[in-house]
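Please work through each task before reading its solution.

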Amino acid sequence: MTNKRRGLIGGTGSNSNSASGLVSNDDYLRLSFNQKQLENFGVVSKELGSSKTYTRGICISSDGRKFYAVHSSGAYFAEYTLSTPFDITSGTYVRDFNLTSFESQAYGVAISPDGRYFYVCGTARDNPIMFTASTPYDISTLTYGNNIRLFDNIFNIAGAGLEAFEFGDNGNKLYIIGSTYDNIRQFSLSTPYDVGTQSYDGEYSFGATITIPVGISWKPDGTRVFIMNQNNDSIYEYSCSNAWDVTTGTVSLVQSETFTDDNSPIGITFKPDGTKMYISGDSSNEINEYDLGTAWDISTKSFVQVKSSVSAAPGSISFSPDGRKMILVNRGSAGGIDQYELSTAWDISTAGSPTYTYDPNDTPKSVSTNNKGYISSLECAVFGDDGMSISLMDTYDATTDKIVTYPLVSAYDISTILNGTLVSSDDGATNPADIKFNTDGTKCYVSDYIDRIVYQYSLTVPWILGEGNKTYDGSLNLTADVASNALYGIDFSPTGETLFVSDRLDDQILSYTVSTPFDLTSTVTLDGSIYVTGNYDTTISGIQVSPTGHKLYFMGNTGNKIFSADLIF
């Protein structure tokens, strides 16, 4: 077969320059020279309704029976059912999902082929985020992130002034201490380490003994609990007649020890066999290491060494079971978590500088948005027992207070955190307008409408967004082809050999050949463009190719309509 070309949009009219798959050179739409409006190319439209204003993004389900539009005004998803698959004219409005607590200026939207995961990006949060649908394709069942667990509104139970928390009894118990109420509050978890399944058991009051409890650590058998009292720089050891329970049986003070190495001790933890103890201090910003002559007997302590200048406001400290990883919380609204690698287990002198720092407040995230998936003021962080999750306490105010648990890809490694967001570095869009994936979910693409750049990432776990789940591959700069502040929609052909982008200012869709399918770091060549004006929308934004490759959908916010055109390869 010779002189055959791949068409873009199939026509229906006699003067449509129709392209229908592999055709002769005289029978295809010459995009590279096309200066026409989009006419007679099988275009149909669907009115989204007068209440659906500022439509930005669109995605359609893999079976063509659902489509979703995202609206920046009010920031919400709108779900539609299609009685005829892929035919938008058969669409019926079903419901909305309010996005304002996550992203108040939503622009782009995507969905995984199985309908389990939804994605949104916008300019308020400046960071693509994901949701999980407990019922596939049903946006009324969306929850933030993937397998993220939440203990919300902890002030209502545990009170303000929260300082630290700890798990116990193989994750079946949760304990919270705070400086306001001078007690330890105990919760039972119906699912181990799932903070969202908590029920309040009760509390144990320290009375006048401890007035500012800031640190907590349990002996592995649950018969001893150690509390750091910042008021007199002392550790208090309590025995529990009923293991892991401070609400029943007898809780007795055994002994206390004063520490003078840092006059503002905060965090406390032990080596699992009780022969070493570590204390973080807020006065000198350091970690102190002690040997215990008798395991778990703090009166037998002897100072070993200090690690200085660890962070501005050190908090809770913990280790992996093998003593090779150490994490230290830096508290506050500018806080984060430093992860250290120890060349000699349990020897803090071999920790060196942090090998990774996780900043839950890192720009371009916005404090004002996503109160449930965003940490406003970090206070404490604790691993799950198998190290495959980490729980963070947020004590910013009564609106955002919570404990939120994020999964990890690798045990005890916070650099692999799956926190439901894509980026927290310079390797990302600061004005994201659309998000798309390749067919198997191992690559993710985000367009920046101001910079006119498409960023590409590889995902370790397919379809899951997490700062620790992505590798930045590179980017495609389209400033030579797209008008200023105008790069909005992006999508690929099913084979990944063609990239489509929308130019919102010039009202055109551009087509590119990608030399290595789905890889924008390979050679990408402009084929041409087709204008989308006239009877369509003069502010085109979102676009999507149907999963079957036979339709191109596009939309804009002027007429609040969605359009589809025949797309044949």
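**Aromatic contacts in a predicted model**

One aromatic cluster is formed by Tyr68, Phe77, Phe97, Phe102, Phe118, Phe131 and Tyr144. The model is predicted, and it holds 38 aromatic pairs in total.

**Exercise 1.** Classify the geometry of the pair Trp218 and Trp244, and determine which parts of the chain the pair ties together.

*Solution.* Step 1: the ring centres of Trp218 and Trp244 are 5.1 Å apart, with 35° between the planes. Step 2: planes under 30 degrees apart count as stacked and those over 60 as edge-to-face, so the pair is tilted. Step 3: Trp218 belongs to strand S17, whereas Trp244 is in the loop between strands S19 and S20, so the contact ties together parts 26 residues apart in sequence.

**Exercise 2.** Are Trp218 and Trp244 buried or exposed?

*Solution.* Step 1: buried means under 20% relative accessible area. Step 2: Trp218, at 7%, is therefore buried. Step 3: Trp244, at 12%, is buried.

**Exercise 3.** Describe the pair Phe492 and Phe518 by geometry, location and burial.

*Solution.* Step 1: the pair is tilted, at 5.2 Å centre to centre and 50° between the planes. Step 2: Phe492 lies in strand S36 and Phe518 in the loop between strands S38 and S39, so this pair joins parts 26 residues apart in sequence. Step 3: Phe492 is buried at 6% relative accessibility, and Phe518 is buried at 11%.

**Exercise 4.** Over which rings do Arg56 and Arg504 lie?

*Solution.* Step 1: Arg56 lies over the face of Tyr107, 4.5 Å from the ring centre. Step 2: the charged end of Arg504 is over the ring of Tyr488, at 4.9 Å from its centre.

Conventions
Residues numbered from 1 in each chain as written. Predicted model: local features only at pLDDT ≥ 70, side-chain atom pairs only at ≥ 80, totals over all residues. Heavy atoms only, no water. Phe/Tyr/Trp six-rings, centres within 6.5 Å; stacked < 30°, edge-to-face > 60°. Helix = DSSP H or I, 4+ residues; strand = E, 2+ residues; numbered from the N terminus. Buried < 20%, exposed > 50% of the residue type's maximum accessible area, 1.4 Å probe, protein only. Lys NZ or Arg CZ within 6 Å of the ring centre and 35° of its normal.
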